[in-house]
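Subject: Structure for you to look at

Hello,

Here is the structure I said I would pass on. Please open it first, then read the notes below it.

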Amino acid sequence: MTIIAPSLLSADFSILQSEVQSIENGGADWLHLDIMDGHFVPNITFGPIVIQSLRAHSRLFFDCHLMIEKPDAYIEDFVNAGSDLITIHAETVNHLHRSIQIIKSYGVKAGISLNPATPLSSLEYVLEEIDLVLLMSVNPGFGGQKFIPQVLPKIKMLKQMIMDRGLSTDIQVDGGVNAQTAPQIVSAGANVLVAGSFVFGSDNRAQAISELKNFI
């Protein structure tokens, strides 16, 4: 089953509660929460307080994507705020296995994200330890960017890597996901689609989510 995870980054921040409710009512499976610190990526978004506020008003699975330096220091805060999955970037930590264990020690799912130019070899010795791999299909930092097609063979290689090891690791893709790119992404092997502008930029969120789910 393909999971649709609209990104809050593209929502109207003046009415976040109703924005989240609109996608939940529209059939979204997860809420993707992009946390940016202005250091690892050239933008600043929001922190645990916003997540905690929204948690009280939503039953969605909270998919927390930490695009921040030194993520280990903040994992507990984001777990306590209500995150169900914490994904960190392999590029931001010195001891990847240790960081994964910190996340899992709180009883939530652990994910690792790779930027478009980061090789899959970064996952070689930790793949069995994680629940999800997030492959960025744009360079992180801003919403509304165009999909980088060179990520498609990377998805296929990761899928084969997971199958060869007999794992059930989720493959998530974030960046430029829309009705045109989704079929290619799903065909390549991904099963979690992060769609920001395509969903929140639509006047009919349910229809936009339905269009993506047509590729399941």
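Two strands count as paired if DSSP finds at least two bridges between them. Strand 6 (residues 132-136) and strand 7 (residues 170-174) run parallel and are joined by 5 bridges. One such link pairs Val-133 with Ile-171 in strand 7. Note that this is a predicted model.

The sheet: 8 strands form an open sheet with parallel pairing, in the order 1-8-7-6-5-4-3-2. Strand 1 (3-6) and strand 2 are its edges, each pairing on one side only. On average, neighbouring strands are turned by 25° against each other, direction ignored.

Strand 2 runs parallel to strand 3 (residues 61-67), with 7 bridges between them; Leu-66 is the bridge partner of Ile-35. With helix 2 (residues 48-55), these two strands make a right-handed β-α-β unit. Helix 2 lies across both strands and runs at about 175° to strand 3.

The cores: the largest nonpolar core has 61 residues, and Leu-123 and Ile-155 have the most contacts inside it. Helix 5 (residues 151-164) gives the largest share of this core, 6 residues. Another core, of 11 residues, lies apart from it and includes Ile-3, Trp-30, Leu-132 and Leu-134.

Regards

Note on methods:
Residues numbered from 1 in each chain as written. Predicted model: local features only at pLDDT ≥ 70, side-chain atom pairs only at ≥ 80, totals over all residues. Heavy atoms only, no water. Helix = DSSP H or I, 4+ residues; strand = E, 2+ residues; numbered from the N terminus. Right-handed = clockwise from strand over helix to strand, strands pointing away. Core = buried A, V, L, I, M, F, W, Y, C linked by side-chain atoms within 4.5 Å. Buried < 20%, exposed > 50% of the residue type's maximum accessible area, 1.4 Å probe, protein only. Axes fitted to C-alpha atoms, helices over the stretch in contact; angles between N-to-C directions. Contact = heavy atoms within 4.5 Å.
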